[in-house]
Amino acid sequence: MKFKNPLLAVTDMAASICFYRRVLGLRVVRDFGANVTLTGGVCLQTLDTWREFLDGRPVSLGGNAAELYFEEDDFDAFAKQLSELEIEYVHPVKEHRWGQRVVRFFDPDHHIIEVGEKLDAVVRRFLD
């Protein structure tokens, strides 16, 4: 067995695609209408079709139980770019006890996105 992709249910596909392109630079690689795959393997599914797949069970967005994690080569430039956008933060840039700087924020449906600096950049920063 092989894990393929994370999938997020979204209320507005166009707004979600725009958010992921504008904020994280992801592009659409497959567009099936109700299901879209972005670069990096992130899949978006319309909330209505997701409910159908779950046989009508209720769906709760923004549960704070998971996140999509990204690493950025130029974390400082990304954090500056992010600060210029209208983003709802989980928290601003902070440094974890192991030295890695990260920022967490919400996408339009309150899925948590984390962007951290690459660990080799943390090591270089410590060496400097």
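Trainee: Which residue in β3 is the bridge partner of Val-28?

Mentor: This is a predicted model, in which local features need pLDDT of at least 70 and side-chain atom pairs count only at pLDDT 80 or more, while totals for chains, interfaces and linings use all residues. Residues are numbered from 1 along each chain as its sequence is written, and side-chain values use heavy atoms, with hydrogens and water left out. Strands (E, at least two residues) and helices (H or I, at least four) are DSSP runs numbered from the N terminus, and two strands pair if DSSP finds at least two bridges between them. β2 and β3 run antiparallel and are joined by 3 bridges, and in β3 the partner of Val-28 is Leu-38.

Trainee: In what order do the 4 strands of the open sheet lie?

Mentor: β1 (7–10) and β2 (28–31) are the edge strands, each pairing on one side only. β1 is joined to β4 (residues 43–46) by 4 bridges in parallel, whereas β3 and β4 pair in the antiparallel sense over 3 bridges. The pairing in this open sheet is therefore mixed, and the order is β1-β4-β3-β2.

Trainee: Which residue in β4 does Thr-37 stand opposite?

Mentor: β3 and β4 form a hairpin with 4 residues between them, and Gly-40 in the turn has a positive phi of about 85°. Leu-7 stands opposite Cys-43 in β4, and the residue opposite Thr-37 is likewise Cys-43.

Trainee: Is Asn-35 buried or exposed?

Mentor: Asn-35 lies in strand β3, where Asn-35 and Thr-37 point one way and Val-36 and Leu-38 the other. Buried means under 20% relative accessible area, exposed over 50% and partly exposed in between, with a 1.4 Å probe and protein chains only. Because its relative accessibility is 17%, Asn-35 counts as buried.

Trainee: Which side chain does a polar contact of 2.7 Å join to that of Asn-35?

Mentor: Contact means heavy atoms within 4.5 Å, and, leaving aside neighbours within four places in sequence, Asn-35 is in contact with residues including Leu-7, Met-13 and Arg-30. A polar contact is a pair of N or O atoms within 3.5 Å; within protein, one must be able to donate a hydrogen and the other to accept it, and residues adjacent in sequence count only if both atoms are side-chain atoms. The side chain joined to that of Asn-35 by such a contact, at 2.7 Å, belongs to Gln-45.
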